[in-house]
Amino acid sequence: GTMEAEAVTLPGNVFLASAFTAYLGAFTTPYRVAMTAEWIQFCKEHEVPISADYSLISTLATPMQMREWAIMTLPTDSTSMENAVLVTVSTSNKSRRWPLMIDPQGQALKWIQKMETKYGLKTIKLTESGYLRTLEQAIRNGTPVLVEDVGEQLDPALEPILLKQ
């Protein structure tokens, strides 16, 4: 049955998804595609079973999640969906990472605002005077924060937050 087949390919699929999540988020689509193809080839050469139609999206996102993302204005191309998977994985309670999005068209901004508004999303800029107070309050209340227009230098006061201490 298909459940047995999925059980056989699960370790290989999760290995590929983990490698993608850890290493490929910052890269362009062509590079992601090339590296994923190399890793798939590596798995085949070393007899690591993977799904014939492996994809990060089908491994780490459900059809219901993808529909919700599309309803919340996320474009449905594979790069946008992969990026949504990476954001979702990096913002889970188990993650020690934070997503950084370079978003010239504002698509990710719009999507995240729609997705997180129901949770009381606060949007701040590090140039605003009261941003630390807003951030502290959000942490205390468990509400999400979106930091816009992040430059190359971050305020050292953010370090304990970014390290999740």
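Q: Hi! What pattern does the protein follow along the sequence?
A: Reading along the sequence gives α-α-α-α-α-α-β-α-β-α, with eight helices and two strands. Helices (H or I, at least four residues) and strands (E, at least two) are DSSP runs, numbered from the N terminus. This is a predicted model, where local features need pLDDT of at least 70, side-chain atom pairs count only at pLDDT 80 or more, and totals for chains, interfaces and linings use all residues. Residues are numbered from 1 along each chain as its sequence is written, and side-chain values use heavy atoms, leaving out hydrogens and water.

Q: Thanks! How much of the protein counts as buried?
A: Of its 165 residues, 27% do; buried means under 20% relative accessible area, exposed over 50%, partly exposed in between (1.4 Å probe, protein chains only).

Q: And which residues touch the most other members of the largest nonpolar core?
A: Leu16, Trp39, Tyr54, Leu56, Trp69, Leu74 and Trp111, in a core of 27 residues. Such a core is a set of buried Ala, Val, Leu, Ile, Met, Phe, Trp, Tyr and Cys residues joined through side-chain atoms within 4.5 Å.

Q: Which helix gives the largest share of this core?
A: That's H5, with five residues.

Q: What is leucine 56 in contact with, leaving aside neighbours within four places in sequence?
A: Ala17, Phe20, Thr21, Ala61, Glu82, Val85 and Leu86. Contact means heavy atoms within 4.5 Å.

Q: New topic: where is leucine 162?
A: Leucine 162 sits in helix H8, residues 159-162.

Q: Is leucine 162 buried or partly exposed, and why?
A: Partly exposed, because its relative accessibility is 33%.
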